[in-house]
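Could you walk me through this model, from its helices to its salt bridges and surface? Here is a short report to read with the structure open beside you.

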Amino acid sequence: MSSPGFELPLRLLLAFRMLIDELHAELARQGHPDIRPTHGFVMQAIGPYGTTAVELGRTLGVSKQAAGKTIDTLERIGYVERTTDPHDTRRKIVRLTPYGIDALNRSARIFDTLRARWAAELGEDRLQALESDLRRMTPANPWRLDIPGWFGSL
């Protein structure tokens, strides 16, 4: 007997939530207790070269004001800093701080550890098949950073 249709998105969401919760618990243990799931999307969208609040809002699918509020929070907890654009002093560029870069680097390593745990539980071949099937059923670009805007405002 097949599962009801609503179970698939719920199971995918539960798997996502489980991985993200485990990531953040480990990040807290490793010196990043204030980072939240949305912050990861925002820091990825800021990227290695920085961005403006307007560009960040556009990338995330939220208003400039919502992006600005999140930038304020990330600045207050040490993950980003605002600097003046050297080519246009009217523009403010948001850049990751070394603390922000550290959080992203640690996140990548923690995700590798979590994936290895799933592989040990399910078997590497089954996990690779699951990942392959998900790649087949989802858009090619996994970096849809507008997820916060899709869920609602930041």
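## Helix α1 and its residues

E26 sits in helix α1, where helices are DSSP runs of H or I with at least four residues, strands are runs of E with at least two, and both are numbered from the N terminus. With a relative accessible area of 24%, E26 is partly exposed; buried means under 20%, exposed means over 50%, and partly exposed is what lies in between, using a 1.4 Å probe and protein chains only. E26 and R11 are separated by 15 residues in sequence and by 23 Å in space, C-alpha to C-alpha.

This is a predicted model, so to speak of its local features a pLDDT of at least 70 is needed, side-chain atom pairs count only at pLDDT 80 or more, and totals for chains, interfaces and linings use all residues. Residues are numbered from 1 along each chain as its sequence is written, and side-chain values use heavy atoms, with hydrogens and water left out.

## Overall layout

How many helices and strands does the protein have? There are 7 helices and 2 strands, and from the N terminus on the elements run α-α-α-α-β-β-α-α-α.

Along its principal axes, the C-alpha trace spans about 60 × 30 × 25 Å. The protein has 154 residues, of which 29% count as buried.

## A nonpolar patch

L8, L12, L122, L130 and L134 make a nonpolar surface patch of about 400 Å². The elements that contribute two or more residues to this patch are α1 (7-29) and α6 (124-137). Patches consist of residues with over 30% relative accessible area and no salt bridge, where like charges are joined within 9 Å and nonpolar side chains (Val, Leu, Ile, Met, Phe, Trp, Tyr) within 5 Å. The accessible areas come from the Shrake-Rupley method with a 1.4 Å probe, and for residues only the protein chains shown count as cover.

One of the patch residues is L12, which is placed in helix α1. L12 is partly exposed, at a relative accessible area of 42%.

## How α2 and α3 cross

Helix α2 (residues 37-46) and helix α3 (residues 53-60) have axes that come within 10 Å and cross at roughly 120°. That makes α2 oblique to α3. The axes are lines fitted to C-alpha atoms, for helices over the stretch in contact, and the angles run from 0 to 180 degrees between N-to-C directions. Angles under 35 degrees count as roughly parallel, over 145 as roughly antiparallel, 65 to 115 as roughly perpendicular, and the rest as oblique.

The crossing of α2 and α3 is right-handed. A crossing gets that name if the near helix is turned clockwise from the far one by less than a right angle, and is left-handed if the turn is anticlockwise.

## Salt bridges

The structure holds 12 salt bridges, each being a side-chain nitrogen of Lys or Arg within 4 Å of a carboxyl oxygen of Asp or Glu. Where do R106 and D102 lie? Both are in helix α5 (residues 98-122), 4 residues apart, about one turn of the helix. R106 and D102 form a salt bridge whose closest N and O atoms are 2.7 Å apart. R106 is partly exposed at 23% relative accessibility, and D102 is partly exposed at 25%.

E124 and R115 also meet through their side chains in a salt bridge, at 2.9 Å from N to O. E124 has a relative accessible area of 34% and is partly exposed, as is R115 with 27%.

## Two residues of α4

E75 lies in helix α4 (residues 64-76) and forms a salt bridge with R82, with the closest N and O atoms 2.6 Å apart. E75 is partly exposed, its relative accessible area being 33%, and R82 counts as partly exposed at 34%. E75 and D88 are 13 residues apart in sequence and 22 Å apart in space, C-alpha to C-alpha.

T73 also has its place in helix α4, and counts as partly exposed at 25% relative accessibility. From T73 to H39 there are 34 residues in sequence and 9.3 Å in space, C-alpha to C-alpha.
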